Each structure stands twice: as structure tokens, then as C-alpha cells.
Amino acid sequence: MLKSVVPPALGLVLACAVCLGATPARAGVVAQVDRGAQRMRVYVDGALAQVWPVSTARSGFVTPPGQYRVYRLERWWWSRKYGGAMPYALFYRGGYAIHGTAAVGRLGRPASHGCVRLAPGHARWLFRLVHDVGGARVVIR
């Protein structure tokens, strides 16, 4: 059985809306990545829900700044270009994605080819949340 990843307060709002026969509004999920601090902040309906260390592009590569929409989710993906696993991938621009990594010892400093790497449990949590609410925005600064 899957554990709910919707914050308790949001779950209560959604449950009440369904009980009253209303169509619940979709939660707004924003994953904000600070490349300088190597941190991600996840907001749900404007409220800060999580802060995690990440790894963005190392020297010679780039994690492109900007605002994007997650357009594809892949529970398990393999990068043919770099030959690496990308579990719980949230694609937001071309081949760029937020995904889990086995290189957890490198989180908190630049280490990727351009993607945003997360600890596997954090990537799973974010993947499930984005899947459940039907999308998210990604902001890279």
C-alpha cells in the first residue's frame, strides 16, 4: 500500500471537498532550486513543505535557470547519454529532470551533468506528490 504524500492539512481540505460533492482544486506544487546553495525548497499551495540538499551541474555542465512545468514523469528512467539511472524522474526541459541518485554523498554540492539530483527517498516523495496533484512548476535560480 502506498503511503500518502499529500500534507495532512491539504488531505483534509481535499477530503472535505469530496464529501461536500465539490470538485477539489488542484494543489499548487513548486520545486524551487537554488543552485548557489545547492538546496531545493518544495512548496505546496504556497506553504513550505520540504527543504532538501541537491546536486546540480558540475563544472563544464549547466543546470539551466528559468521557470518550467513538469511535462513527464518516469518512475524508472535510464540516461542513454550519460549511462546512469534516474529513478523518480520529473522531466521539466528536454532531457533535464529532477531525479533520485545513488551518489547521496555528493548532495549539497555540484556533481551532475545538469539534472537536479535528490536523495532517493526525497525523489520518491516529490514524484508521488506531483503525480497525485497532476503537475508542478520547477523554478531554477
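Me: Why is Thr-63 called buried in this predicted model?
Reply: The relative accessible area of Thr-63 is 2%. Buried means under 20%, so Thr-63 with its 2% counts as buried. The residue is found in the loop between strand 3 and strand 4.

Me: What makes the pair of Thr-63 and Ala-57 a polar contact?
Reply: A polar atom of the Thr-63 side chain lies 2.9 Å from the backbone nitrogen of Ala-57. The limit for a pair of N or O atoms is 3.5 Å, so the 2.9 Å pair is within it.

Me: Which residues is Thr-63 in contact with, leaving aside its neighbours within four places in sequence?
Reply: They are Arg-35, Thr-56, Ala-57, Tyr-92, Ser-112, Gly-114, Cys-115, Val-116 and Ile-140. Contact here requires heavy atoms within 4.5 Å.

Me: Which backbone atoms does the side chain of Ser-112 come up against?
Reply: The backbone nitrogen of Gly-114 is reached at 2.9 Å. A polar atom of the Ser-112 side chain also lies 2.7 Å from the backbone oxygen of Cys-115. With neighbours within four places in sequence left aside, the contacts of Ser-112 include Ser-55, Arg-58, Phe-61 and Arg-117.

Me: What makes strand 8 and strand 9 antiparallel partners?
Reply: Three bridges join strand 8 to strand 9 (residues 96-100), and the two run antiparallel. Pairing needs at least two bridges, so three bridges are enough. Leu-90 stands opposite Ile-98 in strand 9. The two strands form a hairpin with two residues between them, and Gly-94 in the turn has a positive phi of about 50 degrees.

Me: How do you know that strand 8 pairs with strand 5?
Reply: Strand 5 and strand 8 (residues 89-93) share three bridges in the antiparallel sense, and at least two are required. In this pairing Leu-73 stands opposite Leu-90.

Me: What makes strand 5 and strand 10 the edge strands of their sheet?
Reply: The sheet is open, has four strands in the order 5-8-9-10, and its pairing is mixed. Strand 5 (72-74) and strand 10 (116-118) each pair on one side only. On average, neighbouring strands here are turned by 20 degrees against each other, direction ignored.

Me: Why is strand 8 called mostly covered?
Reply: Four of the five residues of strand 8 are buried, and buried means under 20% relative accessible area.

Me: Which strands are the edges of the sheet with five strands?
Reply: This open sheet has the order 3-2-1-11-4 with mixed pairing. Its edge strands are strand 3 (47-53) and strand 4 (66-69), each pairing on one side only.

Me: How do you know that strand 1 and strand 2 pair?
Reply: Strand 1 (residues 29-34) and strand 2 (residues 39-44) pair in the antiparallel sense over six bridges. Asp-34 stands opposite Arg-39 in strand 2.

Me: Which residues have the most contacts inside the largest nonpolar core?
Reply: Met-40, Val-42, Ile-98, Val-116, Leu-118 and Leu-126 do, in a core of 26 residues. The elements that give two or more residues to this core are strand 1, strand 2, strand 8, strand 10, helix 2 (120-133) and strand 11 (137-140). Helix 2 gives the largest share, seven residues. Apart from this core lies another, of five residues, among them Ala-89, Phe-91, Ala-97 and Cys-115.

Me: What is the span of helix 2 set against?
Reply: Helix 2 has 14 residues and reaches 20 Å from its first C-alpha to its last, close to the 20 Å expected at 1.5 Å a residue. Just after the helix, Gly-134 takes a positive phi of about 90 degrees.

Methods. Residues are numbered from 1 along each chain as its sequence is written. This is a predicted model: local features need pLDDT of at least 70, side-chain atom pairs count only at pLDDT 80 or more; totals for chains, interfaces and linings use all residues. Side-chain values use heavy atoms; hydrogens and water are left out. Axes are lines fitted to C-alpha atoms, for helices over the stretch in contact, and angles run from 0 to 180 degrees between N-to-C directions. Buried means under 20% relative accessible area, exposed over 50%, partly exposed in between (1.4 Å probe, protein chains only). A polar contact is a pair of N or O atoms within 3.5 Å; within protein, one must be able to donate a hydrogen and the other to accept it, and residues adjacent in sequence count only if both atoms are side-chain atoms. A nonpolar core is a set of buried Ala, Val, Leu, Ile, Met, Phe, Trp, Tyr and Cys residues joined through side-chain atoms within 4.5 Å. The expected span of a helix is 1.5 Å times one less than its number of residues.
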